Amino acid sequence: MKRPVAALFLSYLLVSGFAFAGGPLTVTGPAAPNPGQAFVWAVSSASPIRYTVDTGPLSTNPSGQTIINNAQGLARVKSLFDNWHNVSTASINFSYAGPITGVSGGDVMTMADFNTVHGSCNAGTQSPVIFDANGSLLHALGLDPLVIGFASTCKLDTTAGHVTSALILLNGQFQDGVTNQNTNNFELTVDEFDEAMTHEIGHFSGLGHSQINLDLFQSGVVGNCDTDRLAGLPLMFPIEFCQSRKSAGLPILSPDDTAWISKLYPGTTFASAYGTISGFVFFSDGITHVQGANVVARRVDDPNTPADESKRIAFSSVSGFEFTGNPGQPITGSNTAGSSFGSRNPALIGYYEIPVSPGTYTVQTENVGPTFTRGSLVGPLDPPTVNYAANEFWHQYESAYDDPLQKDLLTVSANQMVSNINFILNQTNPLLHRFDQLEDGELRLYPSQVPFLFRFTYPVGAGGIWS
């Protein structure tokens with residue numbers, strides 16, 4: 001990847017308080033008949049998700065010269081919506097509904113224009129795709145100039161569990177042909193930028209961030225990722241730091257991406273293409289649920305192929321993804337109700353559920369990356385809780401004192417639910433056990449023994465942020 005940067009952040013912006021991953025971006029709360037269910041669009045072949053598009057250029061350079069005109073930008077947006085529509089096991093459809101309405105000529109150029117269009121999105125009247133041709137809107141919004149783009153859910157039907165409208169903004173400055181580190185102006189290849197746009201469309205569709213092959217990100221490798229781990233790295237990973245998937249000969253969506261879009265919008269072949277692994281994650285007492293642990297199912301490697309399937313074919317979920325990240329507390333009166341999203345059923349606090357293609361798997365827990373907060377959130381807890389236990393494989397004789405590297409294999413068939421794949425984490429701090437999960441939304445796993453939690457604002461060498 002020819003760029004002088006280390007990583008590009010992928011952030012879900014303009015929305016605070018809901019991001020449930022890996023899998024759904026948002027789940028229903030107490031107002032819904034079935035709290036904890038993913039918010040999805042009410043979509044069918046006769047009723048596709050309709051989006052409007054900015055009529056201005058997608059990208060201009062600092063001199064005002066058009067680099068990517070509107071026709072080219074519109075064609076790219078349509079083709080990138082198709083990346084999700086074309087998943088054979090999913091049933092999700094999109095339709096171009098014409099230019100953005102409410103502003104002169106449909107071109108969103110100023111903050112006044114943006115506020116008007118954002119207001120119409122909040123009202124549920126349109127779902128706009130905005131071209132910020134030179135990054136000026138992001139600057140006016142006070143956002144990091146290294147943001148490639150962002151997505152925002154505008155209106156939700158909290159009873160039915162449906163997304164009514166959403167918004168995408170794309171920063172054309174990353175396509176203006178100019179690289180100037182002094183002005184935070186960096187260039188992406190066409191394929192890299194298109195992956196960023198496709199990531200945004202994933203959020204637009206209801207997908208949250210997923211974490212697989214975290215070790216690749218933590219290794220500090222930039223732009224030269226090995227093909228096996230890149231193949232399994234979700235497009236919905238919070239950070240963009242590798243070369244484009246296309247340049248490595250890979251499809252734009254990873255197995256985890258296609259599994260989760262199919263689970264949210266199951267097509268007629270979904271049941272014959274996927275099974276499910278589910279269970280609970282417990283602290284060392286074997287009773288108290290752990291919320292916020294990332295759980296990864298990896299296909300067992302086939303020694304007869306040159307590829308490493310354990311890196312390439314992997315699927316994930318976060319424990320407690322259906323439970324709220326903020327149940328509230330009535331004591332001070334400042335947070336009585338907590339978040340309006342997520343179930344309050346304590347039986348879901350440590351529950352995870354992973355769609356997988358048929359095959360034989362290992363299953364393991366891991367910490368969510370400590371820098372994945374706010375717009376880069378993975379799972380319901382912000383910030384994530386880190387270092388509560390060592391990463392651990394599942395085996396059938398789980399205990400608080402077992403070997404975390406001991407593993408048993410699971411074989412999953414199509415349309416099969418393999419349940420009760422439960423973890424008991426080793427040697428967790430007793431102060432984390434047996435608290436009243438519903439008493440204090442701020443009590444979650446923050447004793448002094450837990451290491452300091454931090455997040456990047458400008459990570460070392462970082463280059464950009466995408467939503």
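Among contacts in the chain between residues at least 6 apart in sequence, what percentage join residues at least 24 apart? The share is 74%, where contact means heavy atoms within 4.5 Å.

## The chain as a whole

This is a predicted model, in which local features need pLDDT of at least 70, side-chain atom pairs count only at pLDDT 80 or more, and totals for chains, interfaces and linings use all residues. Residues are numbered from 1 along each chain as its sequence is written, and side-chain values use heavy atoms, with hydrogens and water left out.

The chain holds 9 helices and 20 strands; helices (H or I, at least four residues) and strands (E, at least two) are DSSP runs, numbered from the N terminus. Of its 467 residues, 59% are buried, that is, under 20% relative accessible area with a 1.4 Å probe and protein chains only.

## Where α1 meets α4

Let's look at a pair of helices. The axes of α1 (residues 70-85) and α4 (residues 190-205) come within 9 Å and cross at roughly 60°. Here axes are lines fitted to C-alpha atoms over the stretch in contact, and angles run from 0 to 180 degrees between N-to-C directions. The crossing of α1 and α4 is right-handed, meaning that the near helix is turned clockwise from the far one by less than a right angle.

On the α1 side, the contact is made by R76, V77, L80, F81, N83 and W84. From α4 come V190, F193, D194, M197, T198, I201, G202 and F204. By class, this contact has 9 nonpolar, 3 polar and 2 charged residues. Ala, Val, Leu, Ile, Met, Phe, Trp, Tyr, Cys and Pro count as nonpolar, Asp, Glu, Lys and Arg as charged, and the others, Gly among them, as polar.

## Two disulfides

A search of the whole structure finds 2 disulfides, each a pair of cysteine sulfur atoms within 2.5 Å. In one, the sulfur atoms of C121 and C154 are 2.0 Å apart, and the link is right-handed, with 100° about the S-S bond. C121 lies in helix α2 (residues 111-122) and C154 in strand β8 (residues 147-157), so this pair ties together parts that are 33 residues apart in sequence.

C225 is joined to C242 with an S to S distance of 1.9 Å, and that link is left-handed at -90° about the S-S bond. Both C225 and C242 are buried, as are C121 and C154.

Technical notes. Buried < 20%, exposed > 50% of the residue type's maximum accessible area, 1.4 Å probe, protein only.
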